[in-house]
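Take a look at the model below.

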Amino acid sequence: MKKDEIPQDESNLQSANMTEMLYVTDENDNYTTVNSIGWDAKKAALDESMQLINERIESAKKNVAAGNASPIVYFMELNKMDFAVLAAYANMWQWNVKRHCKPNNFKKLSDSVLKKYADAFSVSVDELKNFSGKQ
């Protein structure tokens, strides 16, 4: 793509004050870089991805409120983590993280274990313990 053909359509990047660096050719056919705020096709894909993420977060919140999941599930979705990522951040085995996602197991966790999760989610232990999903 030529330098003067780079699309500058409104996108999620623009609202976050970000740009994307693209490799293009200049007028002499030499490769160079240019910043773009995005284009319509990319905006549509990002919007759809964000919608799916927000649906997963809302579903996790409802599961916590219904007593089907522990707050770990909600904060994991909110922070766009999966079991492997959270286990790495909390320095635990994945199977332990999965166990702690069950409400009965979560209630039995010590403050030191909860602290690991709270640190991974950048929240306080109280925030984690008291999240009911009903807010």
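Asp119 is partly exposed in this predicted model. Its relative accessibility is 46%. The side chain of Asp119 meets that of Lys115 in a salt bridge, with 2.7 Å from N to O. Lys115 is partly exposed too, at a relative accessible area of 42%. Both residues sit in helix α7. They are four residues apart there, so about one helical turn separates them.

How many salt bridges does a search of the whole structure find? The search finds three.

Another one involves Asp111 and Lys129. Their closest N and O atoms are 3.2 Å apart. Asp111 lies in helix α7, which covers residues 111-121. Lys129 lies in helix α8, residues 125-130. The pair therefore ties together parts that are 18 residues apart in sequence. Asp111 is partly exposed, with a relative accessible area of 47%. Lys129 is partly exposed as well, at 40%.

Now turn to Glu77 and Arg56. These two form a salt bridge, and their closest N and O atoms are 2.8 Å apart. Glu77 belongs to helix α3, residues 71-78. Arg56 belongs to helix α2, residues 40-65.

Are Glu77 and Arg56 buried or exposed? Glu77 has a relative accessible area of 14%. Buried means under 20%, so Glu77 counts as buried. Arg56 has a relative accessible area of 51%. Exposed means over 50%, so Arg56 counts as exposed.

Note on methods:
Residues are numbered from 1 along each chain as its sequence is written. This is a predicted model: local features need pLDDT of at least 70, side-chain atom pairs count only at pLDDT 80 or more; totals for chains, interfaces and linings use all residues. Side-chain values use heavy atoms; hydrogens and water are left out. A salt bridge is a side-chain nitrogen of Lys or Arg within 4 Å of a carboxyl oxygen of Asp or Glu. Helices (H or I, at least four residues) and strands (E, at least two) are DSSP runs, numbered from the N terminus. Buried means under 20% relative accessible area, exposed over 50%, partly exposed in between (1.4 Å probe, protein chains only).
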